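Trainee: Could you walk me through the charged pairs and the ligand site in this one?
Mentor: Gladly, let's look at it together.

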Amino acid sequence: MQENTLWQAVLGEIELSVSRGNYVTWFKNTQLIRYKDDVAVVGVPNIFVKNQLERKFNDLVVNILAKNGIQPSRVEYKIHSGIAPTTKHNDEGILKNPGAITGLSEVSTGPKLRIANVTHSYRQGLNDRYSFENFVVGAGNELAYAACQAIAGSPGTRYNPLFIYGGVGIGKTHLIQAVGSAILAAKPNARIIYASTEQFVQEFVDALRFKKNTTDFAGFYRGADVLIVDDVQFLAGKERVQEEFFHTFNALYQANKQIILTSDKPPKEIPTLEERLRSRFAWGMSIDMQTPDFETRCAILQSKAAIQNINLSQAVTELLATHIHSNIRELEGALNQLLAYCEMRGVEPDIQVATAMFENVKNRPKHINARQIIERTAKHFHVSMEDILGPKRDKDIVVPRQIAMYMLRCELHLSFPKIAHELGRKDHTTAIHSINKIEKETGLDGPIKQYVSELKEKLYV
Ligand code: ADP
Ligand code: MG
């Protein structure tokens, strides 16, 4: 049998014996390179997969190889450059597999990340950056991932509502957005609505204030096939919104429409949440999502670096994954900061540079307030505070203003209304729009990405 065919058979059986998460993270990008002289050589994308297969899964691999008629005296796991990023584009131009992991020893030459620019007939609030393909599965997020996959396969039938809770920056938004995009890819006419709770609240308040009724608002949300609402802990203390949410929930639930919710805590711990909502949130499946463990954090870093066509050494990966353990957003931030630092100086992201950067991080002031962020952004772009806070719409003022909003969101996690207020705007949708725009740009290889990384470096010095 050809190595390839044989390995496909082996993978098929492995897939049945380990969890989906383990399979995706540790086996998906492997191949059998050689079976000769009693030694089977398995190609793996990086050192973390190598370690994990050697330590944890070697017996399984040996057993399943034996079942397929191969009994090597030894299995070797080798980092193999042939497993460079398997970046594929589907016909819509959406990056299908940017999470594929590149070998550590070679510089990969996979295609650059393209952000899809597709407008669907009905899509609301979904960002293509967050897909299943670039979500790394491991201890901590496995269960949530499995539930989301199940829902993507048949929305509205199982796990309704799905309630995912857990700390900040651990991938909740990424996962639920991925479900939305996956359903939309399979059913382009499905009405998928993703909304942050803040947005839901604000739209409700606006409907009352400006239109004097909430009919359109209610109709919009109740017309969803899949309703995804992020961070429902922000419903706390908002009685009228809770009432509206309750009716939306019932209408969708009774029509077997899928509802997906996230929160930073379980329903029973959300203060001042009406009992009827609390109980409904727990009707389906509640999942406690945890921070990914060390190995998974390393795999995430490798995947994020691979997307940018960067090889990150084992030492640097481990340094970052050790220092930053509770928040993947911060982990990603640290990686981007390191890469920006190296790019500007034309040096490699090696362990010396990474260590030096961490020394800086340790020494830098921990607190920075909104005003300081705006001032430093204005100064960076040579714009006066008066202009950045004022009404002018010139491009060289608007862009810094948008970047300042983005910084307030990333660094201080302020709410949209608060961000708008800090920049002297009345309307929070300006903040949403600006932040989305900059977020999108930072995913592209253009000047905005450069400005943002330069500024991030300067922010704390
Ligand atoms: P939360 O909603 O829990 O606060 P997010 O979903 O916003 O967290 O995740 C923060 C960042 O970390 C995002 O950029 C996301 O892509 C990234 N991230 C988190 N977990 C993973 C993962 N398992 N694989 C890849 N990226 C991840
Ligand atoms: Mg989130």
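**Salt bridges and the ligand shell**

Mentor: The count comes to 15 salt bridges, a salt bridge being a side-chain nitrogen of Lys or Arg within 4 Å of a carboxyl oxygen of Asp or Glu. This is a predicted model, where local features need pLDDT of at least 70 and side-chain atom pairs count only at pLDDT 80 or more, while totals for chains, interfaces and linings use all residues. Residues are numbered from 1 along each chain as its sequence is written, chains are lettered from A and ligands numbered from 1 in the order in which they are written, and side-chain values use heavy atoms, leaving out hydrogens and water.

Trainee: What makes K304 and E332 a salt bridge?
Mentor: Their N to O distance is 3.7 Å, so the pair falls within the 4 Å limit. K304 sits in helix α10 and E332 in helix α12, 28 residues apart; helices are DSSP runs of H or I with at least four residues.

Trainee: Why is K304 called buried?
Mentor: Its relative accessible area is 17%, and buried means under 20%, exposed over 50%, partly exposed in between (1.4 Å probe, protein chains only). E332, at 25%, is therefore partly exposed.

Trainee: What makes the nitrogen of ligand 1 and V136 a polar contact?
Mentor: The ligand nitrogen is 2.7 Å from a polar backbone atom of V136, and a polar contact is a pair of N or O atoms within 3.5 Å, so this one qualifies. An oxygen atom of ligand 1 also lies 2.9 Å from an N or O atom in the side chain of K172.

Methods. A polar contact is a pair of N or O atoms within 3.5 Å; within protein, one must be able to donate a hydrogen and the other to accept it, and residues adjacent in sequence count only if both atoms are side-chain atoms. Helices (H or I, at least four residues) and strands (E, at least two) are DSSP runs, numbered from the N terminus.
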